[in-house]
Amino acid sequence: MSGFFLTLEGIDGAGKSSHLDAIETLFSAQGRRVTRTREPGGTSLAESLRSLILDEPMDALTESLLVFAARRDHIVRVIQPALARGDVVLCDRFTDATFAYQGAGRDFDAQVLSTLERWVQAQPDATNLLQPDLTLWFDLAPEAAAVRLAGARLPDKFESQPVDFFRRVAQGYAERAAGAARFVRIDASQNREEVWAQIEAALRERGPAAGATPR
Ligand code: TMP
């Protein structure tokens, strides 16, 4: 069985993480082994970097370098071995978040991010870069996301950004999604059941059981 790399993306408050359990259950019911993970994070080193990234003020280049350092460790130690075993890798955020948050949100140089992406996501056999097979992009207006975030747990460095920041991040996601066929847009403004129906449909049509191209 070939591995399948699924990522979930969207601005803070879009509601993606609340569907992870159900997605994992769906794959398990199909007899697939699931490696569930997140970024920044997924290894002990990357989780330590996550705390720094989310809590410490730093310039956008430092932030980008730390995000990609965490990603490199995560890829080498978790994602690649899991895909090689034939697992479904279910990852809460990946590089699209860097282009959206550091690139668009913080107005950092996208060419530098592309260079880091090429270094960090290079495959051992030097073929294509490691990229998700499918990305579910939870699209929600920043104003609606702000309402959902208000009153939630203590906000981190990103969650406490003004709505203008999330307008840029949302635009960054839209641009990234326009450039790659692996994205499926989920209308995250709908209620939970309707959002789940969209996710199920996307996985039926584009998920591992739909006969996605083997790696
Ligand atoms: P989470 O709350 O969805 O786990 O994401 C953690 C925060 O980190 C979220 O606000 C987005 C941010 N982030 C970046 O700024 N750049 C990245 O590359 C990633 C993966 C996350």
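**Ground rules.** I number residues from 1 along each chain as its sequence is written, and side-chain values use heavy atoms, with hydrogens and water left out. As the model is predicted, local features need pLDDT of at least 70 and side-chain atom pairs count only at pLDDT 80 or more, whereas totals for chains, interfaces and linings use all residues.

**Ligand shell.** I looked up which residues surround the ligand and found 15, the closest being Asp12, Arg50, Arg93, Thr98 and Gln102; a residue is near a molecule if one of its heavy atoms lies within 4 Å of it. I sorted this shell into seven nonpolar, two polar and six charged residues, where Ala, Val, Leu, Ile, Met, Phe, Trp, Tyr, Cys and Pro count as nonpolar, Asp, Glu, Lys and Arg as charged, and the others, Gly among them, as polar.

I then looked up individual distances: an oxygen atom of the ligand is 2.6 Å from a side-chain N or O atom of Thr98, a polar side-chain atom of Asp12 lies 2.8 Å from a ligand oxygen, and for the side chain of Lys16 the distance between an N or O atom and a ligand oxygen is 3.1 Å. The protein covers 96% of the 480 Å² of accessible area that the ligand has on its own, with areas from the Shrake-Rupley method and a 1.4 Å probe.

I note that the ligand sits in the largest pocket. A pocket, on a 1 Å grid over the protein atoms alone, is an open set of points where a 1.4 Å probe fits, with protein on both sides within 12 Å along at least five of seven lines, and a molecule sits in it if more than half of its atoms lie within 2 Å of its grid points. Helix H2 (44-55), helix H3 (60-85) and helix H4 (95-105) are the elements that give two or more residues to the shell around the ligand, and H4 gives the most, with four. Helices (H or I, at least four residues) and strands (E, at least two) are DSSP runs, numbered from the N terminus.

**Asp12.** I placed Asp12 in the loop between strand E1 (4-10) and helix H1 (20-29). Asp12 counts as buried because its relative accessibility is 13%, the classes being buried under 20% relative accessible area, exposed over 50% and partly exposed in between (1.4 Å probe, protein chains only). Its side chain also makes a polar contact of 2.6 Å with that of Tyr101; such a contact is a pair of N or O atoms within 3.5 Å, and within protein one must be able to donate a hydrogen and the other to accept it, while residues adjacent in sequence count only if both atoms are side-chain atoms.

**Backbone checks.** I found positive phi in Arg93, near 80° in a residue other than glycine, and in Asp107, about 60° although it is not a glycine.

**Asp156.** I looked up Asp156 last, in the loop between helix H6 (142-149) and helix H7 (163-178). Asp156 is buried at 17%, and a polar atom of its side chain lies 2.9 Å from the backbone nitrogen of Phe158.

How values were computed. On a 1 Å grid over the protein atoms alone, a cavity is a set of points where a 1.4 Å probe fits but cannot get out, and a pocket is an open set with protein on both sides within 12 Å along at least five of seven lines; lining residues have an atom within 4 Å of a point.
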